[in-house]
Amino acid sequence: MGHEKEMKMTMHMTFFWGENVEILFSGWPGDRGLGMYLLALLFVLAISALTDFLSTVSRRRCGGMAAVLHAVRMGLGYLVMLAVMSFNGGILVAAVAGHALGFLLSRSLLRRAESNHADDTGSASAGQLPPSKIISSRS
């Protein structure tokens, strides 16, 4: 019987900084190097951004689609929570940054959609010009 390399990771109970961490899956990213750690950070950032984005989108839906979006959002939220429970500082920063990014992207897309809808209907208020056009037309 061959000797297998046994990988032992310690379970931290306080926050720490370092690239040797396991999140979500046994051995991932583990001690596979900085590249895998950065990939794990990017993964956590992406799922936390998607969680926040789905939060905004699901509020604008109703019925069965809203329930599906809510379930997906909750599942992703729990994955982010479990990743942060690794107590790695980089993972925590990636999760918070991802939520901020998701918030900014969803709000900017929402505003763009509302302004396109207002342009399609004529203006935000029926029969009135937006404030910027009122000021420029008086000059």
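Me: Buried means under 20% relative accessible area, exposed over 50% and partly exposed in between (1.4 Å probe, protein chains only). Is Trp28 buried or exposed?

Reply: This is a predicted model, in which local features need pLDDT of at least 70, side-chain atom pairs count only at pLDDT 80 or more, and totals for chains, interfaces and linings use all residues. Residues are numbered from 1 along each chain as its sequence is written, and side-chain values use heavy atoms, with hydrogens and water left out. Trp28 has a relative accessible area of 15%, and because the cut-off for buried is under 20%, Trp28 counts as buried.

Me: In what order do the elements of the chain run from the N terminus on?

Reply: Helices (H or I, at least four residues) and strands (E, at least two) are DSSP runs, numbered from the N terminus. The chain has 4 helices and 2 strands, and read from the N terminus on, the order is β-β-α-α-α-α.

Me: How many aromatic pairs does the structure hold, and which kind is the pair of Phe15 and Phe87?

Reply: Rings of Phe, Tyr and Trp (its six-membered ring) pair if their centres lie within 6.5 Å, and planes under 30 degrees apart count as stacked, over 60 as edge-to-face and the rest as tilted. The structure holds 3 such pairs. The ring centres of Phe15 and Phe87 are 5.3 Å apart and their planes stand at 75°, so this pair is edge-to-face.

Me: How many residues apart are Phe15 and Phe87?

Reply: Phe15 belongs to the segment before strand E1 (21-22), while Phe87 is found in the loop between helix H2 (64-84) and helix H3 (89-121). Phe15 is partly exposed at 45% relative accessibility, and Phe87 is also partly exposed, at 24%. Their pair links distant parts of the chain, and the two residues are apart by 72 residues.

Me: Over residues 34-54, how far apart are the end C-alpha atoms?

Reply: UniProt, in an unreviewed entry, places the feature "transmembrane region" at residues 34-54; its positions are given in the numbering used here, feature names are shortened, and annotations may be inferred rather than shown by experiment. In the model the chain over these residues is 100% helix and 0% strand, and the end C-alpha atoms are apart by 30 Å.

Me: Which residues is Thr56 in contact with, leaving aside its neighbours within four places in sequence?

Reply: Thr56 lies in helix H1 (residues 34-59) and is buried, with a relative accessible area of 8%. Contact means heavy atoms within 4.5 Å, and with neighbours within four places in sequence left aside, the partners of Thr56 are Ser106, Arg107 and Leu110.

Me: How far apart in space are Val80 and Thr51, C-alpha to C-alpha?

Reply: Val80 has its place in helix H2 and counts as buried at 5% relative accessibility. Beyond its neighbours within four places in sequence, Val80 is in contact with Ile47, Ser48, Thr51, Ala95 and His99. Val80 and Thr51 are 29 residues apart in sequence, and their C-alpha to C-alpha distance is 8.8 Å.

Me: What share of the 139 residues of the chain counts as buried?

Reply: Among contacts between residues at least 6 apart in sequence, 60% join residues at least 24 apart. Of the 139 residues of the chain, the share that counts as buried is 28%.
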